[in-house]
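Hi everyone, thanks for coming.

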Amino acid sequence: MVKGIRKEAFDCEKYVSGKSMDEVMSEYGLSSVIKLGSNENQYGPYQCALEAMRSEVERLNIYPEKNYIRLKELVGEKMGVDGNWVSLGHGAGNVLDSVAKTLLEDGDEVLVPKESYRLYREISKIMGAKVVEVPLKENYTIDLADYKAAFTDKTKIVWICNPNNPTGSVIDKNTFDDFVDAMPENCWLVIDEAYAEFCDKDLLPDAMRYIRAGKNVIDIHTFSKYYGIAGGRIGYLVANPEFVNWYDTVSEPFNANRIGLAGAVALMENPEECKKYGELMMKDREWMNDELDKMGCTSYPSYANFVFFSTPYDAGEIGEKLLKKGIIVRPCGGWGYDKHLRVSIGTTEQNKEFLKELKNIMDSMK
Ligand SMILES: Cc1ncc(COP(=O)(O)O)c(C=O)c1O
């Protein structure tokens, strides 16, 4: 056994990502695979990003500079604030991690949604915080009243995923005002909006209103989903400039790479393809939910780039049978949802293929 590992690491669990395409191809002897297990954007990378990223390769010997500032300015413009209200990271995952590093210390408590993105829990534990899991409601939504009831004077961070992964649900936006007002003085609300661009804006709280008003609120986004450059690893946060300064102090310098930055800047300057395919994916999401219901599944409203549904059968078994057909999905047993699956919205062709194979499998299990 190696020596010297931090004691907190012993409480942590490794992040389990969806199966990779290479793994599935070699395991099942397949020549092609449809990957709908990690909520990537199958229409990406978009043309403008591809061109910008290709040309940026020429400058890889130099640390990121111009685009680093430019991206902060562009995000600031979109959010209605100056660039010094924005900071970056290697994907939203890294941003979340650096937020934990900025705020958490031994003895702090954090509130996390129990059936949600797992990283909140692990990055909090490694910082020595006590994790309090708040279960979702029976209709698979996060209820802020349950969080309020769990506040103690040690609560330091409330991690919220909106829309939530894996359920796709959104929090009632009318409950935020009251919640933010009730937060203990040192407590921060972190809203992870990784999937926000796939949701009607009117259904989401105006995080910027709280941030501008000086509330302890941090808004986190990613270029991995709607913008289609998951491999470029760019995420960002918007918060009060004083917080941003502390975040920049504790996170590593140049915490975003030149290629990803070039892609992200191009995507913000040329939003047409994101919009076109974003709308298509949202349309396909509703159509997929209808088709799933027709074949005997129960789908739930999703506001993200995936569908969340249950079948009458064990989800792990369905997932395994789909894998044999070369389709990677995410069975939700790890969240305690033994009959539920989360399936990313792919291209329309991929979605059709998935629905066809799922129907065959369900028919064969009757
Ligand atoms: C809710 C949520 N937050 C953050 C992330 C991390 O995204 P990124 O690729 O930007 O690190 C994911 C990735 O699946 C996610 O589902």
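Let's start with Arg233: it has 22 C-beta neighbours inside 10 Å, so it counts as buried. Buried here means that 20 or more other C-beta atoms, placed from the backbone, lie within 10 Å of the residue's own; 12 or fewer would be exposed, and in between is partly exposed. Arg233 sits in the loop between strand E7 (217–222) and strand E8 (234–238). Those labels are DSSP runs numbered from the N terminus: helices are H or I with at least four residues, and strands are E with at least two. Arg233 also has a positive phi of about 55°, although it is not a glycine.

Before I go on, two bits of housekeeping. Residues are numbered from 1 along each chain as its sequence is written. And this is a predicted model, where local features need pLDDT of at least 70 and side-chain atom pairs count only at pLDDT 80 or more, while totals for chains, interfaces and linings use all residues.

Back to the backbone. Most residues other than glycine have a negative phi, and most peptide bonds are trans. Asn39 has a positive phi as well, near 55°. Asn39 lies in the loop between E1 and H2, and it counts as buried because it has 22 C-beta neighbours inside 10 Å.

And which peptide bonds are cis? One runs from Gly44 to Pro45, with omega near -15°. Pro45 is in the loop between strand E1 (34–35) and helix H2 (47–56). Another runs from Asn162 to Pro163, with omega near -5°, and Pro163 lies in the loop between strand E5 (155–161) and helix H7 (176–182).

Okay, zooming out. The protein has 13 helices and 13 strands. Its radius of gyration, taken over C-alpha atoms, is 21 Å, close to the 21 Å that the globule rule (2.2 Å times the number of residues to the power 0.38) gives for 366 residues, so it is as compact as a globular protein of that length. Buried residues make up 46% of the 366.

How is it divided up? The domain assignment, which is automatic or from a database, gives domain 1 (7–44 + 272–365) and domain 2 (47–269). Their C-alpha centres lie 24 Å apart.

Now the inside. In soluble globular proteins, nonpolar side chains tend to be buried together. Here the largest nonpolar core has 99 residues, and among those touching the most other members are Val158, Trp159 and Ile160. By nonpolar core I mean buried Ala, Val, Leu, Ile, Met, Phe, Trp, Tyr and Cys residues joined through C-beta atoms within 7 Å. Helix H10 (residues 258–269) gives the most to this core, with 7 residues. The core draws at least three residues from each of domain 1 and domain 2.

Last stop, the ligand. Which residues come nearest? Of the 13 around it, those are Gly91, Ala92, Gly93, Thr222 and Ser224; being around it means a C-beta atom, placed from the backbone, within 6 Å. Helix H4 (residues 91–103) supplies the largest share of that shell, 3 residues.
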